[in-house]
Structure formats: structure tokens, C-alpha cells
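Walk through this model with the structure open.

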Amino acid sequence: MVSSPHEAMHRIFQEYPGLFSRVSEVLGVNIPTPTSATVLATDLTENSPVERRVDTLLRIETQDDGPFLLAVEAQGKKDPRKTTSWPYYVSYLHNRYGALPVLLLVVCQDHATARWAARPITIGLRQWRTLTLNPLVAGPHNMPVIKNVAEARKDLALATLAAITHADNPDVDAILKTLSAALRDTPESIAEPIAELIAQGLGNRPAAQQWRNLVAVDTSFYKSFMSEEIRDEGRAQGRAQGRAEGLLLILEARGIALSDELRQKITTCTDPQLLHQWLHRATTATTAEEVVAEKH
């Protein structure tokens with residue numbers, strides 16, 4: 001089932017552990033090229049009643065500089081509690097995994113949250129900081145706006161993360177069209193998880209329906225649950241639209257006047273069964289009101 005944008009913003013790094021290498025380039029941080037990455041357990045709870053859990057945790061191996069840990073947090077809004085939990089995550093991981101270097105990456109979908117997340121978190125006195133945490137932040141302020149199909153195809157994982165972080169971008173329609181076009185000739189095993197991550201990342205935004213429509217049209221060969229659901233919705237919407245147009249034609253042919261209010265009621269109806277009933281009534285009714293009247 002499609003779930004929240006929060007899940008998509010960090011789960012993409014589980015699906016594509018090598019993605020951080022390209023993200024770090026975008027963020028202007030010189031990270032050694034990874035040779036492999038392993039998804040680790042995210043539970044950071046100790047023997048205490050407080051449960052602490054990072055969203056995604058990866059151990060990334062590099063050829064020359066050794067391994068490091070990457071903790072990924074998806075952040076949908078400002079949360080003052082993170083000023084205590086994030087330093088805890090980093091300190092705990094540093095201790096638990098034998099003093100391995102630890103990086104914290106925060107993924108956001110709005111500028112205000114990204115600015116807040118990027119602020120250093122300090123522990124100590126004003127005169128002397130005992131610990132300073134500097135999160136890396138990926139969001140709409142620094143992730144690329146990809147509207148070139150060739151560019152999207154070159155790195156589908158980065159294009160997917162970029163689309164998720166730009167979910168509220170005014171150009172999101174063009175971004176989604178570019179990504180759907182890039183998926184057209186992509187093998188199903190690669191394209192299917194991307195399609196679902198995008199749907200997940202868009203949540204209940206208006207752009208989510210556009211993505212569902214694009215996937216239904218451009219990638220109709222998919223067999224995933226989400227895609228089957230999308231195609232079922234698309235077929236129902238198609239039936240409803242066809243019946244609404246047919247109903248308007250019958251009323252026009254019979255010379256039955258139709259107010260703007262009733263016309264809108266017919267064209268915005270998404271229930272194929274109800275439109276089917278109205279079509280039958282339109283063949284004998286003398287007014288448009290009779291056609292759409294509720295029967296008791």
C-alpha cells in the first residue's frame with residue numbers, strides 16, 4: 001500500500017544505497033566513492049524506557065578511506081525534539097560501531113524545514129562548545145530540478161529523490177512528466193519501485209493524482225499492486241468521462257436545456273453507475289432536473 005512521504009524520503013536510500021554518493025556531490029561534500037553499502041538495523045534503543053529509532057541506517061564501504069555510517073532522517077516539519085535526538089543518534093552510533101565516522105543526512109520537502117534542519121546543533125556552554133553536530137540536508141533548496149529526460153535516465157535514483165524533494169515545486173508537473181518519460185523504456189524491475197516511491201513521496205498532494213495518471217498511461221505494463229490500483233482507477237475514470245460526454249450529447253440532441261450548475265454536476269460526476277442511470281433517464285425525461293433527480 002502507498003504510505004507517507006516520510007517513508008519515501010528515507011526508504012529510497014535503502015532501495016538504492018549508492019545514491020548517497022551522488023547526493024553528496026550535489027551537496028558539495030567530497031565523500032569517498034563507495035564500493036558497497038549495507039542496510040543496518042535502525043533501532044538505537046538502550047536498556048531504558050525511551051525508544052529511539054533512526055529512519056534509515058547504512059554502512060558504506062569505500063576503497064581508500066574505509067567504512068562510514070550514514071544515518072538518514074526524513075523530516076516533514078520542524079521538530080524541536082530533534083535537537084536532542086540527533087546528537088544522541090550520532091554519539092550512540094559512533095560508540096556502538098567501533099568509532100566509525102558517522103554522517104547524518106536530513107531529507108526535507110520544504111525550504112523552511114530545510115533551513116531549520118541545516119542549523120548546527122551545539123551542546124555545552126556559550127563559552128565552550130563540547131559537541132557540535134552539522135547535519136547534511138537535501139531538499140528543494142539544493143536538489144536539482146530535472147526536466148531533461150536524458151538527464152533523468154542517467155541517474156534514475158537521484159531523479160527520483162529530486163522529484164520527491166520538489167513535491168511542492170510549481171514546476172512539479174514538468175518534473176513528473178520528465179521522470180515518467182524516462183521510465184518508458186526502463187526494465188520493469190527498475191521502474192516499478194521508482195513509480196511506487198514517487199507515489200509514496202507525493203502523499204496526498206495534487207501532483208500525486210497526476211503521477212498516478214502518468215504511470216497508468218506510460219507504464220501500463222506494470223504488475224505491482226499500486227499500478228493495478230492506478231489502472232483500475234483510470235478505467236473507472238475513463239468510463240465516467242465517456243458516459244458524462246454521452247449524456248450531454250443526448251440532452252443536446254433532444255433539445256433539453258441545461259443550466260451551468262447541472263452541467264458541472266454531470267461533468268464532475270465520477271460514479272459510472274450513477275451516470276449510467278442518468279443516461280437511461282435522458283432518453284425519456286423532459287427536463288435536465290428529471291435526469292439527475294435523486295430517487296427515493
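**From one threonine to the cores**

Leaving aside neighbours within four places in sequence, Thr-113 is in contact with Gln-75, Gly-76, Lys-77, Lys-78 and Cys-108. Contact means heavy atoms within 4.5 Å. The model is predicted: local features need pLDDT of at least 70, side-chain atom pairs count only at pLDDT 80 or more, and totals for chains, interfaces and linings use all residues. Residues are numbered from 1 along each chain as its sequence is written, and side-chain values use heavy atoms, with hydrogens and water left out.

Thr-113 lies in helix 4 (residues 111-117). Helices are DSSP runs of H or I, at least four residues, numbered from the N terminus. Thr-113 is buried, at a relative accessible area of 3%; buried means under 20% (1.4 Å probe, protein chains only).

Now turn to the nonpolar packing. A nonpolar core is a set of buried Ala, Val, Leu, Ile, Met, Phe, Trp, Tyr and Cys residues joined through side-chain atoms within 4.5 Å. The largest has 50 residues, and Phe-13, Leu-19, Phe-20, Leu-105, Ile-198 and Trp-211 touch the most other members. Helix 6 (residues 156-165) gives this core its largest share, 8 residues. Apart from it lies another core of 22 residues, including Leu-40 and Val-54.

Ile-198 shows the packing up close. Beyond its neighbours within four places in sequence, Ile-198 is in contact with Thr-160, Ala-163, Ile-164, Leu-176, Leu-179 and Trp-211.

Definitions and conventions. Helices (H or I, at least four residues) and strands (E, at least two) are DSSP runs, numbered from the N terminus.
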